[in-house]
2 protein chains.
Amino acid sequence: MRQSQLFTKTTKELPKDETSFNARILIKAGFADKLMAGVYSFLPLGWRVIDKIENIIRGEMNNVGGQEILMPSLQPKEIWKDTDIGPEDEKGWGRMREVMYQLKDKLGRDVGFGATHEEVAIELAKKYTHSYKDLPYAFYQFQTKFRQELRPKSGLIRGREFIMKDMYSFHKDAGELDDYYFKVGEAYKKVFDRTGCKSLMVEASGGSFTKNFSHEFQAISESGEDRIAHCDKCDFAQNIEIYKKDEIKKCPKCGGEIVVSKSIETGNIFRFYDKYTKAMGLYFTDEKGEKKPVHLASYGIGVTRLMGAIVEVHHDERGIIWPEEVAPFKAHLIELSGKNNASVRDAAGKLYNDLKKSGIEILYDDRDAGAGEKFADADLIGCPYRVVVSEKTLKENSVEVKKRNQEGAVFIGLEGVVDKLK
Amino acid sequence: MRQSQLFTKTTKELPKDETSFNARILIKAGFADKLMAGVYSFLPLGWRVIDKIENIIRGEMNNVGGQEILMPSLQPKEIWKDTDIGPEDEKGWGRMREVMYQLKDKLGRDVGFGATHEEVAIELAKKYTHSYKDLPYAFYQFQTKFRQELRPKSGLIRGREFIMKDMYSFHKDAGELDDYYFKVGEAYKKVFDRTGCKSLMVEASGGSFTKNFSHEFQAISESGEDRIAHCDKCDFAQNIEIYKKDEIKKCPKCGGEIVVSKSIETGNIFRFYDKYTKAMGLYFTDEKGEKKPVHLASYGIGVTRLMGAIVEVHHDERGIIWPEEVAPFKAHLIELSGKNNASVRDAAGKLYNDLKKSGIEILYDDRDAGAGEKFADADLIGCPYRVVVSEKTLKENSVEVKKRNQEGAVFIGLEGVVDKLK
């Protein structure tokens, strides 16, 4: 895309009430805009990143047999009546009032805007689940969720409105559920590896109704709100809330040292077993003709949160350093045409078209601006490769290529650029 | 996809309160589910159709230079204060109460859930529009909108929650706006042609502040809520609300006969010129250094509404007849293996893999069910091609291919199926 056509620009005017690093740098670089506390627009560059994150998640969820759907955001109060169970339970319409936007509509009926979708998912599953032959299955969606965060201070990490991928899987028993649950855990690890936000699968409390752990995915970051105790050698990790430091002195898996780190939660997975399904009446008939409760697990990744986490982990003092699979463009082509040097302009334009034709995603800085401004913008926006065409490089019939995450540039002949970036 | 894996099924259990044809047939065929009045889930088959509709729209919007973004659904009351102007105006927080879900959040602040986004779009544009050099541009989004419809009776045609593509374009003056507006009108016609929901560009009232028309796109359908007066020969068309039947007896463009038809609104485009931009303070500096108001037009297509309109237009007594570009799958491969005939099963499985490898989207009915049920489901679901593999067809080393929108089938050699469907 030609940068002169992009309606957004990098900016120095940041919202005064925005304190989080991730939101500030994303606004500064033109990826996001803030409408109100915890509520952001995603602009062309940011939307490209979100699209890539979603496609990575989509691919991995499809690989474990997930079927993509979209459930409604609007929810009637009635579907919540049966899950308001147990004093330690955080569900139910009354308890959800703390986080869910709820109102009486014009007809006087209670409706809410989805903060989570277990109840809707179970209602949907009831329509299609009758026999053991209908199980197992899993469906997922990408959806905008709404949560009344009192003081959203962490930018995209904890918004009032955010995009979430939530998946729900349905099983005949706890054993089948456990197997699938860990399979999805592996898929989650792949998602976080591919997005460049490597996360540990961390044991956390499973709630009041199971001794089994739930799991959070946590990316180690100094800016994180969470704290985890984890082995410095293997993948053992527990949320500090459940970690018993007096009992566990060494890693129970490998004997390594336990260290405590700050971290950002990038995802979580949860085994409900038959708790909500029993309460809401989701049963099936097994091979022997007996009525059994369906077992449910759910799996969440905050998509916009993940974008925030990525920039918390990948940046330097000059700007963002996008991991390649989620970068808005693979390369930033910079034309330094000085006083409108036609040969530079022509060479850069030709290279842009060649790269586009080869399927390489390019942001082409064709603006009438100086080298300093263009380089600063390229570093701030953070595409993995910077390709410079100038009078100087053209004398050698070449371009200057620099990786965003490395110092030092190399010169490559004009003919070789497409191959280099493929 | 293997139909045995699909978690949804065709169903005869329809919600008692659902009277609209489009919602009933989409629920029956397993494309949608109803959670409450005017609020639907989109299931794997339905989500595939929506994805295709969105990609068609995305391509055409990109062709006219639109830049994809996502604005928030949550909106603060403050951004509405300046557009509550004029007695005939339907905007402004107070007037929007009739359609917008509004509430006071936990902090006592008024927030609403977006029913339309002109105000948010203008707030965003203010951040990036300063000089004539910044103009023109257009951005669009696919977003879930919320509207308090009192009695939603038209299924997906008028929901309380629905997906909309809304685009906003910003211009230096009315002339430039008019040119772009009609260019987008042409792009809209392409969208509706490609989705198989051919729509007339119909003149409608431009509101209280302009003598120029706005335009609706209307697909002629007996089930439509709207009525249009249109020429039986050319493309002249007016909404019945503005049509002056005493003055316009013959088509003013070609002299043809004027007929009145029922129709479904599939999209609308609107020229606000400088009305809201002036009110909200969106100005730019022109070439002479003078401050001028930016001119705004907006363009909407209801994506889920369009899915509803398509099935209203394309169906018969047996089910849906999807136009090819929006069909969930190009072909429905049906294996009639009788009492588990292994050679039929193997041949169908092989053909399924071959078709998939060739990039042809196939729904493969590998279920253990009878021919009657499989044919009825195929007609109900409505993929453009039905391909049958049975003992009978295999004797001739062939398959039976039938188009959903034609009577009569042809036999094609197994080797030729991929080419036939490509």
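The model I have open is a predicted one.

**Entry 1**

I began with the overall layout.

**Entry 2: the open sheet of chain A**

Next I traced a sheet in chain A. Five strands make an open sheet, and their order is β20-β19-β21-β22-β23 with mixed pairing. Which strands stand at the edges? I found β20 (362-365) and β23 (409-413) of chain A there; each has a single partner strand, so one side of each has no neighbour in the sheet. From one strand to the next, the twist averages 25°.

β22 (residues 398-403) of chain A pairs with β23(A) in the antiparallel sense, over five bridges. Starting from V401(A), I looked for the bridge partner in β23(A) and found V410(A).

**Entry 3: helices on that sheet**

Helix α8 (residues 342-357) of chain A packs on the sheet, where it touches β19 (331-336), β20 and β21 (385-390) of chain A. The direction of α8 makes about 165° with that of β19(A). I also checked helix α9 (residues 371-381) of chain A: α9(A) lies across β19, β20 and β21 of chain A and runs at about 175° to β19(A).

I stayed with α9(A) to see what is hidden. D377(A), A378(A), D379(A) and I381(A) are buried in this helix. What covers the buried residues of α9(A)? The cover includes α2, β18 (319-320), β19 and β21 of chain A. Just past the end of α9(A), I noted that G382(A) has a positive phi of about 80°.

**Entry 4: where chain A meets chain B**

I turned to the two chains together. On chain A, 40 residues are in contact with 40 residues of chain B. I listed the elements of chain A that each supply at least two residues to this side; among them are β1 (32-36), α2 (44-63), β5 (101-104) and β7 (137-146). The largest share, five residues, comes from α4(A). Sorted by class, the side of chain A that touches chain B has 25 nonpolar, six polar and nine charged residues.

**Entry 5: P76(B)**

I picked one residue of chain B to follow up. P76(B) sits in strand β4 (residues 74-76) of chain B. Is P76(B) buried or exposed? I counted P76(B) as buried because there are 21 C-beta neighbours inside 10 Å, and the cut-off for buried is 20 or more.

Setting aside neighbours within four places in sequence, I found P76(B) in contact with M36(A), R109(B) and V111(B). I also looked at D110(B), which is 34 residues from P76(B) in sequence, yet the two are 6.2 Å apart in space, C-alpha to C-alpha.

**Entry 6: a helix pair in chain B**

From α1(B), the contact uses F21(B), N22(B), I25(B) and L26(B); from α7(B), it uses G308(B), V311(B) and E312(B). By class, I noted four nonpolar, two polar and one charged residues in this contact.

Technical notes. Residues are numbered from 1 along each chain as its sequence is written. Chains are lettered from A and ligands numbered from 1 in the order in which they are written. This is a predicted model: local features need pLDDT of at least 70, side-chain atom pairs count only at pLDDT 80 or more; totals for chains, interfaces and linings use all residues. Two residues are in contact if their C-beta atoms, placed from the backbone, lie within 7 Å. Helices (H or I, at least four residues) and strands (E, at least two) are DSSP runs, numbered from the N terminus. Ala, Val, Leu, Ile, Met, Phe, Trp, Tyr, Cys and Pro count as nonpolar, Asp, Glu, Lys and Arg as charged, and the others, Gly among them, as polar. Two strands pair if DSSP finds at least two bridges between them. Axes are lines fitted to C-alpha atoms, for helices over the stretch in contact, and angles run from 0 to 180 degrees between N-to-C directions. A residue is buried if 20 or more other C-beta atoms lie within 10 Å of its own, exposed if 12 or fewer, and partly exposed in between; C-beta atoms are placed from the backbone.
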